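Hi everyone, thanks for making time.

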Amino acid sequence: MSEMEEEDFVPPLPTQHEPTTSAKPLLQSVLSRNLPPKHGNPGKSTMATNTLTPLLWNQFFDEKRELHIGEDVFTVYLKGSRGPIFYLLHGGGYSGLTWACFAKSLCDQIECRIVAPDLRGHGASHSEDEEDLSVSRQVRDIADIFDKLFEKDQGDVSVCVIGHSMGGALAVHVVHEKVLKANVVGLIVIDVVEGTAMESLSGMVHFLNSRPPTFSSYENAIKFCLKSAMTRNSTAARISMPSQLREITENQLTWRIDLAKTEPHWRGWFEGLSSKFLDCSPPKLLALAGVDRFDRDLTIAQMQGKFQTCLLPKVGHCVQEDSPENLADEIARFAVRFRFATSKVGMVPSVFPERRPF
Amino acid sequence: MEVDEPTATSSASNALVAMDTSEGPIEPDEVYAEQIEWRFSQVKGNIDVEDGHTEADIISCVEFSHDGEYLATGDKGGRVVIFQRDQSGKYIKGARSREYNVYSTFQSHEPEFDYLKSLEIEEKINQIRWLKKKNAANFILSTNDKTVKLWKISERERRMADDSWNLPRTNRINSAFRGRLQIPNIVPMELIVEASPRRVYGNAHTYHVNSISVNSDQETFLSADDLRVNLWHLEITNESFNIVDIKPTNMEELTEVITAAEFHPQQCNWFVYSSSKGSIRLCDMRDRALCDAHAKIYEEPEDPQTRSFFSEIIASVSDIKFSHSGRYLLTRDYLTVKVWDLNMESQPVETYPVHDYLRTKLCALYENDSIFDKFECGWSGDDKHILTGSYHNLFRTYSRHARGNVAEAKTWEARPQEPHAPLRTRKVGSGGKRKRNTVPGNAIDNGGEEEIPAEALDFNRKILHTAWHPSDNIIALAATNNLYVFSDI
């Protein structure tokens, strides 16, 4: 019965405030006040299927490529063939598949290419040194992956870097140090703020220890994920959770990466993050799950209009899994507004069973 | 409060009150209205089904001018397209041509960004209202979520002849003009229609504007958002008066929002506004400056038998229209369309179901947000017929007092057809299978009413916006990105 509210850094706060995005009109929120909240992925949940079987990458992405860089093999998920590149960096413990639902939503709305790698020590990537998750090492990895994929474009591509949690910190470093040989047109950070992150580092070890060390099946792991509110969206859990685990034996699954061992690198990820973020020149967007997650520097900078924020209601820390459509909506609008992407033809609102909600 | 009554009054106490379509109020002097048989006239917009339409082409409002000569449409991309009735004077089937052709297109609103709140302001045109014609130019008010604009649409057909200028137009003249002055020659030119913004009424709404309505005095208008109604004078853009404010001090206690508002067609002091709870309030501006307290409230007590989880949502009124006579009010909620007599607040005098087969599907409709669709309704010019839209490109017209005092309703499908070809009537069944109503020897397309099963309804194609010509039986319907014009000839 212990409903463990999982948050990587900050315990969740009640998100029942007046929606600040124009996504849900006042009329709708007033009318649905007394009704139970809608499921995160209405199209799927109104169907009879209540199964929690794992989903495969090819239902969301076009290609799963393995890149050999030195002694390391990095797995990258790709989608789309034209348009600006969205370089999606996942958070600590996750994998490129955390972006699956989001990538699908985003490609429906704008013409773009998606690149979602599995970072060192995560998902299906295999590297010689899986414990060196320092900022410098990971920034180099990210740059190498990008070079390998787009070397023939000679730097003539636009890329928007998006990162969640640890990936968000890495995204800031990547853009700040200008390691990508491309035209960086946007930097989007999801739910990571230096001040609040640093404060919660001490609680992280305790939290990691309180997760079950093993699971007997993928379904059980997915069930745990949903019950502990790591993710509130069952489809996202079904595609993302399996990639966070690895098999020891046939009936034993454990976490892919022992995050506790990466502790020495945590401070390095977040130190100086706010100032580096504000220092970057491309247009910036900070997507947060709650307004209380701002620290002092960012609050001031936001009031000065140095970056755009968007608050997504009713999501936990893993925003791209909890509410992929809303996030895709926000980011598509950001991209169109800053004119580095064009929206796709035919955004048709949804209908029952099979089709996507608007 | 006296209401002008143009028709013979029935004894109010004996008036039968209708709760379904089988009986209407007794008005013995009413000649029964013929049920209208609609025929295809025109369709505007790309009707290629394969090609997905762009989001910006979705039509968001349709409005005829007061004389019916012009038809204005607004779309999600902030553009306004005005059509004009065929002016050539040709007659088709004994009546003046009912074709509408493009007259003017202009970009009314642009997308904006509110930097303070980090919110985008959509350029979608929420409503267009025509002013009555006072001179050669036409005026319309168009609004998006935040700003109302007054546009002047004028024609230019004559210009100065090139050789008739007295002074060269470009050079500055330093010396005095010598020579004979000639009166400039005016020559005809190709018709140009110009639209110019005359007034911009902005910065008055915190919430999204859902309606505008021009007063019968043609000098003032109101704009209504979710929580407030403001009164403007057409000439003054930097000042507006707030006449209704239902914002609670604590937003957490918000239970009701304003969904539509309209001025009375003849009485310049009355206006009505509808709420999300299904009540309509009539206010009199002579009574007090802030009309939070209503003069009349039109509310129907909920039928306890049909109460469900979604009763509150489907009770929300999406559109409200005064009848041309000014005596009746037409309101549209999700499943029904109701006619209210201004004199009777307790219940509507007529209630017509629109798509009752959806009553069992409310849960699924809530999940995909279709339950929040705002359908419009409209009167015919003589107030004898009612028009409203539904899903699957179906629309319904009701003739209020047809034969034997029984109202008749028909469901039609809007689709491209041969000009003057009659439209198909459709029926929607709750059954799972398609039923065929075949008459031996007739092909299905020749009027056999094929039933559409409710499961097969396409909820992506919906007719939200409709308009009826002020005097003729011509209707204009917006079906996503297409505009259909139907008439009875």
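Let's begin with a pocket: helix 1 of chain B gives 5 residues to the lining of the second largest pocket, the largest share of that lining. Please keep in mind that this is a predicted model. The volume of this second largest pocket is about 1000 Å³, and 36 residues line it. If you want to find its centre, look for Glu302(B), Asp303(B), Thr306(B), Ala315(B) and Lys338(B), which lie nearest to it.

How many helices and strands does chain B have? The count is 2 helices and 34 strands. Chain B has 489 residues, and 52% of them are buried. Taking the contacts in chain B with a separation of 6 or more, 56% are between residues 24 or more positions apart.

Two loop residues in chain B are worth a look. One is Gln218(B), in the loop between strand 14 (211–214) and strand 15 (220–224). Gln218(B) is not a glycine, yet its phi is positive, near 55°. Is Gln218(B) buried or exposed? Its relative accessibility is 13%, and buried means under 20%, so Gln218(B) counts as buried. The other is Asn393(B), which sits in the loop between strand 27 (385–389) and strand 28 (394–399) of chain B. Here too we have a positive phi in a residue other than glycine, near 60° for Asn393(B). Asn393(B) is buried as well, with a relative accessible area of 6%.

Now over to chain A, and helix 7, which covers residues 218–227. Which residues of this helix are buried? They are Ala221(A), Ile222(A), Phe224(A) and Cys225(A). Looking down the axis of helix 7 of chain A, you would see these buried residues within an arc of 160°, so they line one face of the helix. The cover over them includes strand 7 (214–215), helix 8 (234–240), strand 8 (245–249) and strand 9 (252–255) of chain A. Just past the end of helix 7 of chain A comes Ala229(A), with a positive phi of about 60°.

Another helix to find in chain A is helix 10, residues 273–279, which holds Ser274(A). The relative accessible area of Ser274(A) is 2%, so this serine is buried. What does Ser274(A) touch, once neighbours within four places in sequence are set aside? Its contacts are Glu194(A), Asp295(A), Asp297(A) and Leu298(A).

Let me finish with the nonpolar cores. The largest has 55 residues, and those touching the most other members are Tyr87(A), Phe146(A), Leu187(A), Phe270(A) and Leu286(A). Let's zoom in on Phe146(A): leaving out residues up to four places away in sequence, it touches Ile85(A), Tyr87(A), Val157(A), Val159(A), Leu180(A), Lys181(A) and Ala182(A).

Terms used
Residues numbered from 1 in each chain as written. Chains lettered and ligands numbered in written order. Predicted model: local features only at pLDDT ≥ 70, side-chain atom pairs only at ≥ 80, totals over all residues. Heavy atoms only, no water. Core = buried A, V, L, I, M, F, W, Y, C linked by side-chain atoms within 4.5 Å. Buried < 20%, exposed > 50% of the residue type's maximum accessible area, 1.4 Å probe, protein only. Contact = heavy atoms within 4.5 Å. 1 Å grid on protein atoms, 1.4 Å probe; cavity = no way out; pocket = protein on both sides within 12 Å on 5 of 7 lines; lining within 4 Å. Points joined across faces, edges and corners; volume = space filled by probe spheres on them. Helix = DSSP H or I, 4+ residues; strand = E, 2+ residues; numbered from the N terminus. Arc of directions from axis to C-beta.
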